[in-house]
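Welcome! Take a moment to turn the model around on your screen, and then we can walk through a few of its contacts together.

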Amino acid sequence: MKKVEIAKNVFWVGAVDWNVRNFHGHTYTTRRGTTYNAYLIIDKKIALVDTVLGSFSEELIEKIKDFVDPSRIDYIIANHVETDHSGALPEIMKIAKNAKVVGTAKCKEGLYRHYYGNWDFQVVKTGDTISLGEKTLKFIEAPMIHWPDSMFTYIPEEKLLLPNDAFGQHYASTERFDDEVDQCVLMDEAAKYYANILIPLSPIILKKLDEVVKSGLEIKTIAPSHGIIWRKDPLKIVNAYINWAKGLPLEKNVLLVYETMWGATEKMAKAVLEGLKIVGVKAKLYDINAADRTEIIKEILSAKGLIIGSSTHDNTILPGIAGFLDFLKGLRLKNRIGCAFGSFGWSGESVRIIENILKESGVEVVQPSISAKYMPSSDDLKNCFEFGKNFATKI
Ligand code: FEO
């Protein structure tokens with residue numbers, strides 16, 4: 001096996017999951033697969049930073065064996081409890097019987113509640129260090145980036161930051177470094193990761209990044225726990241995070257997302273789209289049942305406007321758009337404007353329900369909704385066109 005050295009005597013020993021297409025249950029579609037990055041540090045003491053998903057335990061152990069007998073591992077740094085990084089821990093601990101697991105107090109509690117292992121655990125806080133010999137592990141608690149237990153590990157001698165999920169991407173590849181892959185694909189996957197996992201935590205991320213910058217931490221390499229390692233231009237992803245966390249750059253773009261029963265709401269959606277276009281506003285149209293929700297959420301990172309449509313069904317909205325709006329609510333958006341539309345047969349509650357959810361999601365509803373009974377008439381479609389035009393002027 002080709003050894004991947006990410007810094008002097010620090011080796012990538014992770015796993016590439018080429019075939020995973022749904023992550024976190026079904027909350028995130030991973031069309032490019034993913035990687036679970038674990039790092040082995042060879043020094044007077046041996047440390048493993050994070051592990052991999054449980055089904056890749058054997059692969060991890062075999063990779064470690066290329067460098068050292070796994071029973072010699074002294075420390076296993078658990079930057080994060082979630083099972084895609086801790087899943088192999090029970091298997092490793094069966095071999096590395098003398099290893100100490102290191103993490104935050106919340107990590108200790110979380111790992112116990114996942115695996116119920118009677119492991120030697122060292123709780124660390126921000127500023128605590130462990131000397132491995134020539135290298136030092138320095139810990140930075142990072143609660144809610146993105147779980148309460150989350151932590152970054154920093155190796156000052158190598159200016160290497162191991163921030164677990166932060167700065168990651170779900171991107172399986174034979175390459176490991178940012179200078180080896182297509183930059184557009186890399187940033188697209190990084191944006192998708194931020195949008196789908198981190199948007200609601202943006203204020204915490206901004207605060208943490210500010211704290212890290214002010215602490216004068218020098219960074220040469222950022223090695224996250226998913227995807228590509230940033231060694232050519234680590235500041236590129238740090239600056240992107242700062243912008244995304246600030247809600248920048250918001251473009252004059254509109255996302256038009258709808259669900260239709262018999263095509264009436266879809267006809268309305270297309271007329272609204274024409275209205276947006278005539279004013280020169282860029283817009284993207286998504287039928288929620290044909291589109292990939294993870295991709296739509298990524299588009300929200302840069303879109304100023306959201307127009308949501310649904311037919312009324314059983315006095316409420318359709319189930320596909322309901323699921324989308326429920327996810328949107330969790331994002332706690334800022335600086336976005338929106339409005340609602342939809343067809344109905346007799347009761348017509350859908351638009352009011354959409355407006356209420358948009359407001360709960362942090363989206364400012366800037367114009368009254370529009371509805372059409374059964375199939376939209378030509379007058380209805382003209383009104384939808386004007387509705388789109390009017391919204392475009394507010395973007
Ligand atoms: Fe990649 Fe929060 O786990």
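What follows looks at a pair of helices and then at some salt bridges in this predicted model.

Let's start with helix α9 (residues 293–300) and helix α10 (residues 319–331), whose axes come within 12 Å and cross at roughly 40°. The two helices are therefore oblique to each other, and α9 passes α10 in a right-handed crossing. On the α9 side you will find R293, I296, I297 and I300, which meet F324, F327, L328 and L331 of α10. Sorted by kind, the residues of this contact are 7 nonpolar, no polar and 1 charged.

Now for the salt bridges, of which the whole structure has 23. Because K298 lies in helix α9 and D188 in helix α5, the pair ties together parts that are 110 residues apart in sequence. K298 counts as buried at 11% relative accessibility, while D188, at 23%, counts as partly exposed. Both residues also belong to a network of salt bridges that links R31, R32, D188, E189, K192, E295 and K298.

K135 forms a salt bridge with E158, the closest N and O atoms being 2.8 Å apart. K135 sits in the loop between β12 (129–131) and β13 (136–141) and E158 in the loop between β14 (151–155) and β15 (160–162), so this pair joins parts 23 residues apart in sequence. K135 is buried at 4% relative accessibility, and E158 is buried at 16%.

Terms used
Residues are numbered from 1 along each chain as its sequence is written. This is a predicted model: local features need pLDDT of at least 70, side-chain atom pairs count only at pLDDT 80 or more; totals for chains, interfaces and linings use all residues. Side-chain values use heavy atoms; hydrogens and water are left out. Axes are lines fitted to C-alpha atoms, for helices over the stretch in contact, and angles run from 0 to 180 degrees between N-to-C directions. Helices (H or I, at least four residues) and strands (E, at least two) are DSSP runs, numbered from the N terminus. Angles under 35 degrees count as roughly parallel, over 145 as roughly antiparallel, 65 to 115 as roughly perpendicular and the rest as oblique. A crossing is left-handed if the near helix is turned anticlockwise from the far one by less than a right angle, and right-handed if clockwise. Contact means heavy atoms within 4.5 Å. Ala, Val, Leu, Ile, Met, Phe, Trp, Tyr, Cys and Pro count as nonpolar, Asp, Glu, Lys and Arg as charged, and the others, Gly among them, as polar. A salt bridge is a side-chain nitrogen of Lys or Arg within 4 Å of a carboxyl oxygen of Asp or Glu. Buried means under 20% relative accessible area, exposed over 50%, partly exposed in between (1.4 Å probe, protein chains only).
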